[in-house]
Amino acid sequence: MANKISKGILVLTLITISFSLSFSNKNVDLQVDPYENHLMFLRKEFQIGDDKAIGYVIYADTKGGKFVHAEAPGEGITCVDDTARAGVYFLRRYTEYVNKNTEKANMYQTLALETIEFCQHFRTVEGDYYNFLFEDGKLNKNGITSRPSKSWWALRALWLISEALNLFSEDESFDASYYYQQVFGTAMLFKNELDSEGLIRGYTDLSSLYIIGLANLYHYSKDSQLKDIIKQVSDGILNKQTDVLFNKIIDEGTDEFNFHSWGSRQVQALAMAYEITQKEEYYQAASNMANNLYPHMINMGPLYDYNSSNIALFPQIAYGIEAAVSSLYYLYQVEKDENYAILMAILHGFFYGNNHLNRAMIGENGEGYDGLESIFINRNAGAESTISFLLSKSLLDRIPEEYAKLSKIEVVKKSAPVLIKIENMNYGLSNVENRVENGISGLAGTTFKLRDIIEIAPGEYKVFLLGRRLNNGTFSLSLADSKTSNETHFAESPVYLGTIIKSEEEKNSETKIFFSAKFENEAFLNQLLFLPVIEYQIYSDPNLQSKKMWAFNSKKEQPYLFDFYGVKEEILPFTFMFSDVQIDLEENESTEETKYTSELIKSESGKEIMINLIDVFNNNGIGTSLEPANFDNFGGSKGAYYPEDVLKKTLKNALFSLEKIPFKVGFQENQDNILANGQMIEIKEKGQNMYILGSCDHGSFSGELEIAYNDGNKIRKEYVQLTFPDWCESGVSKDRVALELPYRYNSQDLKEWINPKIYYQNIPVEDEEIEYIKLPVVPTMHIFGITITDKK
């Protein structure tokens, strides 16, 4: 059989080349929808050998306020991985128009066929695939993410072409027989990778994508051996169900438990397997994982990665949301359970601002931003994030509008899982022998006594302790007036501590927490997780005056009596409740903007006015190995930082001068810079230019600086773009650099011989009194000093 397939591939390669040449000469009139414009910006023609092929550029960085194509260093500029997923999106758009609009259907068909043609250049005779292409048109044949290794990119090509078979088999321009032989060969190649449990090298995420391709092939051919492989792999996935934090979660690890939301299509795969096999346990496993995980992902975000001892919430990426939305769509198709349609719509809302920063993760042209961090958005917009948004939207558009509209609700209050890094807690009452980064460890008999103040919404929470060597321990935890205690005899993590309740009567969102623990042996404490029993959101309905609420009961044992915010209603297990909420949250939770009145210092020449920002500084980013600082790890206890011993040598009378322009800085203060978060700074002076010292961490960032002028009659606001590069960026234009240092300290307080910098920006100002300035909300931007020059 294998020899016949290989022979067929060799013979039919000639047919493919002929098809490619004729197809590449087609003119595509790209009358796409506005939210597809960025995807079309990423579409690019490449020269591969003697042929031309169209793929999708991996990355889009921002330069000068515009997107530019960018490659992955050492990997390439385009790949099968992303281009195949773009093709799947075009196939979905084709099905939307095939019976409605011939012109649009033809366009999306052409775009889909382009991606299939592109993938042909990467296929090996055996049926595996290379992944990356360099800018010069050469295949990356050696990179670990590119060489044929029976991995993700080959399965995505299988997904694309197998789905196309079911749509284009009657089309004369598409050689269905040829492509079926190709993807069947790829499918059999992966069959040889299945281990004794029925999984591809032990991975359930990779195996789930395999099932999706197999299911498409089965729908096309009804080949019974494909059905048998689907059962074999699905059974392997069932065997990996576990209860680490979330009941019936499916383990993606091999040696130890691991789960990440990106690429997690187990629910989708099992729903598709159930449709073909009618094995009830597949549907039950899919619904169990969906019920226990996805409601928490709405408020927590798409989990980047977690194992039994550590949760990494960030970065939160579009790929994680898309995998969940797609999984819920296929689960919804099985029995039309409205709970899954509601879940997929609210999860899709991540892209429109239903996330912890309440900010959209897409731009006006459909550019999907690369990642949501704890305090900022990575606004580079590559292929994966853009295509993930479009794939998610393409399925949302297929469900009834009554559900789909929930993707655009404006959330004003919500429950939310709370993750506490124990390294950040106050452990002063403990007899801890050893404190290490990312947690606290103690020798046998150590008593841990930790306290903190956390923001937590009213509700009931399950509490888990994560760490290592947590055997033979006793624990107690209190949150306001609620307490729980437990003990463990095994070295298992996470440890379930019990449930606590934050009552609605506690109006202050900040709540004191006390945690104590003692172990017979050495132990390492890493994180505390508060996981809501009832997830909820209160949101604005644009058609009504009142607020509305949804609440989901993730408690499987029994109905839950919800009694918060004036709502008293019973919610069945794994079910949504919707209700009106008659309270004015904006009034209850409104806070006034703080305006800082800073000291204004005139220079000796009288031509410059320095703003003393000492009362505005809120970050310590300059230190020594004996007195460390933390410039670039907001929310963590340790980070890298500027060297104080070098910076203080640049000062004269506590002033730093740039081309004879003095700045009042805080290089030797306890707080030495501002994390820009919308602070308003009163000025009430005129000037000609405003000079600002600053830098960014975790990349280069821009934000709007608001300048309010007072002409004597009214306040007039203008906005300018404030932009600073990353503090350690190389190749920055010298005319932006105010100060370059020979080294920095890393988070272990060791010198790193790279060149951190502080930059400046010169902003011309109007000949009117500046009432105040308002910094942008970009918490990765740091401001060190501001000086206004007088008219000369």
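1. Helices (H or I, at least four residues) and strands (E, at least two) are DSSP runs, numbered from the N terminus. This is a predicted model: local features need pLDDT of at least 70, side-chain atom pairs count only at pLDDT 80 or more, and totals for chains, interfaces and linings use all residues. Numbering starts from 1 along each chain as its sequence is written, and side-chain values use heavy atoms, with hydrogens and water left out.

2. Cis peptide bonds. Ser493 and Pro494 are joined by a cis peptide bond, with omega about 0°. Pro494 is in the loop between β21 (482-488) and β22. The bond from Phe314 to Pro315 is also cis, omega near 0°. Pro315 belongs to the loop between β11 (311-312) and α11 (318-335). For context, most residues other than glycine have a negative phi, and most peptide bonds are trans.

3. Lys248 has a phi near 60°. Its loop runs between β7 (241-242) and β8 (249-250). Arg469 sits in the loop between β19 and β20 (473-479), and is partly exposed at 34%.

4. Strands β1 (residues 43-48) and β2 (residues 51-56) run antiparallel and share six bridges. Two strands pair if DSSP finds at least two bridges between them. Gln47 has Lys52 of β2 as its bridge partner. Two residues lie between the strands, and Gly49 of this hairpin takes a positive phi near 65°.

5. Aromatic pairs. Rings of Phe, Tyr and Trp (its six-membered ring) pair if their centres lie within 6.5 Å; planes under 30 degrees apart are stacked, over 60 edge-to-face, the rest tilted. The count is 41 aromatic pairs. One of them, Phe464 with Tyr496, is tilted, at 5.5 Å centre to centre and 45° between the planes. Phe464 lies in β19 (residues 459-468) and Tyr496 in β22 (residues 495-502), so the pair ties together parts 32 residues apart in sequence. Phe464 is buried at 9% relative accessible area, whereas Tyr496 is partly exposed at 36%. Elsewhere, Tyr56, Tyr89, Phe90, Tyr97 and Tyr108 form one aromatic cluster.

6. Charges over rings. The criterion is NZ of Lys or CZ of Arg within 6 Å of the ring centre and within 35 degrees of the ring normal. Arg468 lies over the face of Phe524, 4.4 Å from the ring centre. The charged end of Lys222 sits over the ring of Tyr218, 5.8 Å from its centre.

7. The second largest pocket. A pocket is an open set of points on a 1 Å grid over the protein atoms alone, where a 1.4 Å probe fits, with protein on both sides within 12 Å along at least five of seven lines; lining residues have an atom within 4 Å of a point. The second largest pocket holds about 1,300 Å³ of space. Its lining has 45 residues, and Thr62, Arg379, Ser700, Phe701 and Ser702 lie nearest its centre. β40 gives the most to this lining, with five residues. Strands supplying at least two residues each include β3 (59-63), β40 (701-710) and β47 (777-789). By class, the lining has 15 nonpolar, 16 polar and 14 charged residues. Here Ala, Val, Leu, Ile, Met, Phe, Trp, Tyr, Cys and Pro count as nonpolar, Asp, Glu, Lys and Arg as charged, and the others, Gly among them, as polar.

Note on methods: Buried means under 20% relative accessible area, exposed over 50%, partly exposed in between (1.4 Å probe, protein chains only). Grid points are joined across faces, edges and corners, and a volume is the space filled by probe spheres set on the points.
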